[in-house]
Amino acid sequence: MKKIVAIGMVGCALWAADPVGTLKQSVELGYIGSTGNSRSQSLNAAYKNDYQYDSQTDMHLKADILYGEKSGVKSDERYRLLYNVNRYVSQDLFLYGEASAIRNTFEGYNQQYNLGAGLGYNIFKEAKQSLKGRGGIQYRRSNYTSEPHDNFYYAKGGLDYIYNFSKTNQFTAKWDILENLEQSKDYETVVDLGLKMLIVDQLSFRLGFQLKYDNLPAAGKKKTDTTTTAGVVYNF
């Protein structure tokens, strides 16, 4: 899993060296606090890029690493790689595809892989704010730490909201929900909130909060996890 994240980040760097379209990148370093299956305060690092290939196609990638120790004992460890691409078929309607890989043993996963596709729509898009909705199908393979692996298909829906206080300050909110097509009790919802404020030139300060509820978590794990982040973001 660590190798997958590392390869993804190296691939992004090579891609960024000679982009065809418009590429925006950022690196974030900061503090993260978690509750639920892990309870700690530690440091995290993240890399993100947003690539506008042409007027109809945009791509987004994020890789982050979280690791912490408490009294000499590992208290947090998470590696994530997320990628999605959107292809507009009209002014507001678009097709999307996404893939992700996650390792989080504190939530009971040695690895978790996701592949998904579906339709999205710009509900409204203004200079000040925007809202888009998404819906589709997602395949998930989970390799657990203490039980056999499983493979399921999920229905997925979500909303993405952006509010621009100014050209330099922005609030974002994202909501996703997954429901197993075979087991109705197996559903998951995630809410992400973020506030980004420019400090100077290419340097920003970012606050973030995530609430995740998994109604059928890995064996012996809690259903609810939260993470709070505060960090400095360098945009280039």
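Let's start in strand β6, where Tyr 121 sits; strands here are DSSP runs of E with at least two residues, numbered from the N terminus. With a relative accessible area of 43%, Tyr 121 is partly exposed. On this scale buried means under 20% relative accessible area, exposed means over 50%, and partly exposed is in between, using a 1.4 Å probe and protein chains only. A quick word on the model: it is predicted, so local features need pLDDT of at least 70 and side-chain atom pairs count only at pLDDT 80 or more, while totals for chains, interfaces and linings use all residues. Residues are numbered from 1 along each chain as its sequence is written, and side-chain values use heavy atoms, with hydrogens and water left out.

Tyr 121 belongs to a nonpolar patch on the surface, together with Val 89, Leu 93, Leu 95, Leu 119, Ile 123, Leu 159, Trp 175 and Ile 177. Together these residues have about 750 Å² of accessible area, worked out by the Shrake-Rupley method with a 1.4 Å probe, where only the protein chains shown count as cover for residues. To join such a patch, a residue needs over 30% relative accessible area and no salt bridge, and nonpolar side chains (Val, Leu, Ile, Met, Phe, Trp, Tyr) are joined within 5 Å. Strands β5 (93–104), β6 (109–125) and β9 (169–180) each supply at least two of the patch residues, and β6 gives the most, with three.

## Salt bridges

A search of the whole structure turns up ten salt bridges, each being a side-chain nitrogen of Lys or Arg within 4 Å of a carboxyl oxygen of Asp or Glu. One of them pairs Asp 64 with Arg 78, with the closest N and O atoms 3.9 Å apart. This pair links distant parts of the chain, as Asp 64 is in strand β3 (57–70) and Arg 78 in strand β4, 14 residues apart. Asp 64 and Arg 78 are buried.

Another salt bridge joins Lys 156 and Glu 98, and here the closest N and O atoms are 2.7 Å apart. Lys 156 lies in strand β8 and Glu 98 in strand β5, so this bridge ties together parts that are 58 residues apart in sequence. Lys 156 counts as buried, at 16% relative accessibility. Then there is Asp 176 with Arg 134, at 3.0 Å from N to O. Asp 176 is in strand β9 and Arg 134 in strand β7, 42 residues apart, and both residues are buried. Asp 176 and Arg 134 are also part of a network of salt bridges that takes in Asp 160 and Lys 174.

## Cavity and pocket

How many cavities of 30 Å³ or more does the structure hold? The answer is one. A cavity is a set of points on a 1 Å grid over the protein atoms alone where a 1.4 Å probe fits but cannot get out; a pocket is an open set with protein on both sides within 12 Å along at least five of seven lines; and lining residues have an atom within 4 Å of a point. The largest cavity has a volume of about 50 Å³, a volume being the space filled by probe spheres set on the points, which are joined across faces, edges and corners. Its lining includes Asn 37, Glu 107, Tyr 109, Asp 214 and Pro 217, along with Lys 221, Lys 222 and Lys 223. By class, that lining has two nonpolar, one polar and seven charged residues; Asp, Glu, Lys and Arg count as charged, Ala, Val, Leu, Ile, Met, Phe, Trp, Tyr, Cys and Pro as nonpolar, and the others, Gly among them, as polar.

The second largest pocket comes in at about 160 Å³. Of its 16 lining residues, Tyr 144, Asp 150, Asp 186, Leu 216 and Pro 217 are the closest to the centre. Strands β7 (129–144) and β8 (150–164) are the elements that give two or more residues to this lining, which has eight nonpolar, two polar and six charged residues.

Asp 201 is in the loop between β10 (187–200) and β11 (203–214), and it counts as exposed at 68% relative accessibility. Its phi is positive, about 45 degrees, although Asp 201 is not a glycine. Most residues other than glycine have a negative phi.

Asp 92 is in the loop between β4 (73–88) and β5 and is partly exposed, at 23%. Asp 92 and Lys 132 are 40 residues apart in sequence and 8.9 Å apart in space, C-alpha to C-alpha. Ala 218, in the loop between β11 and β12 (224–235), is buried, with a relative accessible area of 3%. Ala 218 and Phe 106 are 112 residues apart in sequence, with 9.9 Å from C-alpha to C-alpha.

Terms used:
Patch = residues over 30% accessible without salt bridge, like charges linked within 9 Å, V, L, I, M, F, W, Y side chains within 5 Å. Helix = DSSP H or I, 4+ residues; strand = E, 2+ residues; numbered from the N terminus.
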